[in-house]
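Here is a walk through one protein chain, taken a piece at a time. Keep the sequence and the 3D view open as you read.

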Amino acid sequence: MTNFALLQTNIAFCDPEANFKRVRELFAQAMAKDPRPDVVVLPEDWSAGFSDEMFHHMEDFVEPENGPSVTVLRELARQYQVWVVGGSIATLHADGKMRNTTFLIDRRGEIVGDYSKMHLYSDMDAVSYTHLRAHETRS
């Protein structure tokens, strides 16, 4: 059986260092469990959060594909010998495009896969954008 730890964190907007610290603490807690997880999964935008303000100034918030957020995840994967599904991170790719990318990192800390959304936060630009509560839907 494969055991998963699904980390949920209270994200500090625009404060990656605070988020890195919290994620390291959550990893330590997850790794102390029995049975120990084989895979740790982080939430979307775990390292810096996301807001309307950020969307309109993404160039100020993206990081390179091997930036600090991915580096933290790679270190944690190596340290704990665990697979990591890296939530998602706003990344600037080699082709110059910004993407919301999820990284799959193996137990050795190597990136073995990634997935970028087709549209970077596209509905933030929609005229009909409204804030929804958890139980509501948009039609």
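## Ground rules

Two strands count as paired if DSSP finds at least two bridges between them. The helices (H or I, at least four residues) and strands (E, at least two) are themselves DSSP runs, numbered from the N terminus.

This is a predicted model, where local features need pLDDT of at least 70 and side-chain atom pairs count only at pLDDT 80 or more, while totals for chains, interfaces and linings use all residues. Residues are numbered from 1 along each chain as its sequence is written, and side-chain values use heavy atoms, with hydrogens and water left out.

## The overall layout

The chain has 3 helices and 7 strands. Going along the sequence, they come in the pattern β-α-β-α-β-α-β-β-β-β. Of the 139 residues, 39% are buried, where buried means under 20% relative accessible area, exposed means over 50%, and partly exposed is in between (1.4 Å probe, protein chains only).

Contacts here are heavy atoms within 4.5 Å. Among contacts with a separation of 6 or more, 62% are between residues 24 or more positions apart.

## A hairpin to start with

Strands S6 (98-105) and S7 (111-116) pair in the antiparallel sense, over 5 bridges. Look for Phe103: its bridge partner in S7 is Asp114. The hairpin has 5 residues between the strands, and Gly109 takes a positive phi there, near 85°.

Asp106 also lies in the loop between S6 and S7. Is Asp106 buried or exposed? It counts as buried because its relative accessible area is 5%. Its side chain joins that of Arg108 in a polar contact of 2.5 Å; such a contact is a pair of N or O atoms within 3.5 Å, and within protein one must be able to donate a hydrogen and the other to accept it, with residues adjacent in sequence counting only if both atoms are side-chain atoms. Leaving out residues up to four places away in sequence, Asp106 touches Ala77, Val82, Trp83 and Val112.

## Helix H3 and its cover

Helix H3 runs over residues 68-80, and its end C-alpha atoms are 18 Å apart.

Which residues of H3 are buried? They are Ser69, Val70, Val72, Leu73, Arg74, Leu76, Ala77 and Tyr80. Their cover includes helix H1 (16-31) and several strands, among them S3 (63-64), S4 (83-85) and S5 (89-92).

## Two nonpolar cores

A nonpolar core is a set of buried Ala, Val, Leu, Ile, Met, Phe, Trp, Tyr and Cys residues joined through side-chain atoms within 4.5 Å. The largest one has 22 residues, and those with the most contacts inside it are Leu7, Phe27, Val40, Leu42, Trp46 and Val84. The elements giving two or more residues to this core are H1, H3 and S6. Apart from it lies another core of 7 residues, including Ala48, Phe50, Met54 and Val62.

To see who surrounds Val84, set aside its neighbours within four places in sequence: it is in contact with Phe27, Val40, Leu42, Leu73, Ala77, Phe103, Leu104 and Ile105.

Now find Cys14, in the loop between strand S1 (4-6) and H1. Cys14 counts as partly exposed because its relative accessibility is 42%. Not counting residues up to four places away in sequence, Cys14 touches Ala48, Met54 and Phe61. Cys14 and Phe61 are 47 residues apart in sequence, yet 7.9 Å apart in space, C-alpha to C-alpha.

## Charged pairs

A salt bridge is a side-chain nitrogen of Lys or Arg within 4 Å of a carboxyl oxygen of Asp or Glu, and the count comes to 7. One of them joins Glu25 and Arg22, at 3.3 Å from N to O. Both residues lie in H1, 3 residues apart, about one turn of the helix.

Arg24 and Glu75 form another, with their closest N and O atoms 3.9 Å apart. This pair links distant parts of the chain, since Arg24 is in H1 and Glu75 is in H3, 51 residues apart. Asp95 and Arg99 also form a salt bridge, at 2.8 Å between the closest N and O atoms. Asp95 counts as partly exposed because its relative accessibility is 49%.

Terms used:
The expected span of a helix is 1.5 Å times one less than its number of residues.
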